[in-house]
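Q: I have a protein open here and would like to go through its fold. Can we take it step by step?

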Amino acid sequence: MGFFDFFKTPDINQELIAFHNTKGGVLLDVRTPQEYKEGHIPGSQNVPLQSLCQAAFVAQPQTPLFVYCHSGVRSRQAVALLQEMNYTNVKNIGGIASYTGKVEK
């Protein structure tokens with residue numbers, strides 16, 4: 001990984017294709033509840049970054065988790081936190097700001 005790779009953000013639209021092709025995958029939105037209400041990707045679960053440690057969502061440690069936020073910054077933090085919580089199949093898919101599909105309200 002080169003220096004500039006650190007600044008490269010995932011393409012949420014491409015990553016959602018991977019999510020839809022992954023059996024048992026969970027789409028996790030780590031934005032605030034207010035942001036989620038304003039619009040989210042259909043089928044996602046809202047677990048804000050601030051409450052991720054005490055999250056009530058139930059997922060096995062090997063469950064494929066696809067994590068997004070607004071820009072990709074909080075989702076990157078969430079992935080690191082989930083990995084510390086022993087989740088082994090976690091991916092930052094970027095930010096909804098780059099999403100070209102229809103949002104659900």
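Q: What pattern does the protein follow, read along the sequence?
A: The pattern is α-β-α-β-β-α-β. Helices (H or I, at least four residues) and strands (E, at least two) are DSSP runs, numbered from the N terminus. This is a predicted model: local features need pLDDT of at least 70, side-chain atom pairs count only at pLDDT 80 or more, and totals for chains, interfaces and linings use all residues. Residues are numbered from 1 along each chain as its sequence is written, and side-chain values use heavy atoms, with hydrogens and water left out.

Q: How many helices and strands is that?
A: The protein has 3 helices and 4 strands.

Q: In what order do the strands sit in the sheet?
A: The sheet is open, with the order β2-β1-β3-β4 and parallel pairing. Two strands pair if DSSP finds at least two bridges between them.

Q: How many bridges join β1 to β2?
A: There are 2 bridges between β1 (residues 26-29) and β2. Leu28 has Gln45 in β2 as its bridge partner.

Q: Which strands does α1 lie across?
A: Helix α1 (residues 12-20) lies across β1, β3 (65-69) and β4, and runs at about 145 degrees to β4. Axes are lines fitted to C-alpha atoms, for helices over the stretch in contact, and angles run from 0 to 180 degrees between N-to-C directions.

Q: And which strands does α3 touch?
A: Helix α3 (residues 73-84) packs on the sheet and touches β1, β3 and β4, with its direction at about 145 degrees to that of β3.

Q: New topic. Which residues touch the most other members of the largest nonpolar core?
A: They are Val30, Leu52, Leu65, Val67, Leu82 and Val90, out of 16 residues. A nonpolar core is a set of buried Ala, Val, Leu, Ile, Met, Phe, Trp, Tyr and Cys residues joined through side-chain atoms within 4.5 Å. Buried means under 20% relative accessible area (1.4 Å probe, protein chains only).

Q: Which element gives the most to this core?
A: α3 does, with 4 residues.

Q: What is Val30 in contact with?
A: Leaving aside neighbours within four places in sequence, its contacts (heavy atoms within 4.5 Å) include Val47, Val67 and Ala78.

Q: How much of the protein is buried?
A: Of the 105 residues, 41% count as buried.

Notes:
Buried means under 20% relative accessible area, exposed over 50%, partly exposed in between (1.4 Å probe, protein chains only).
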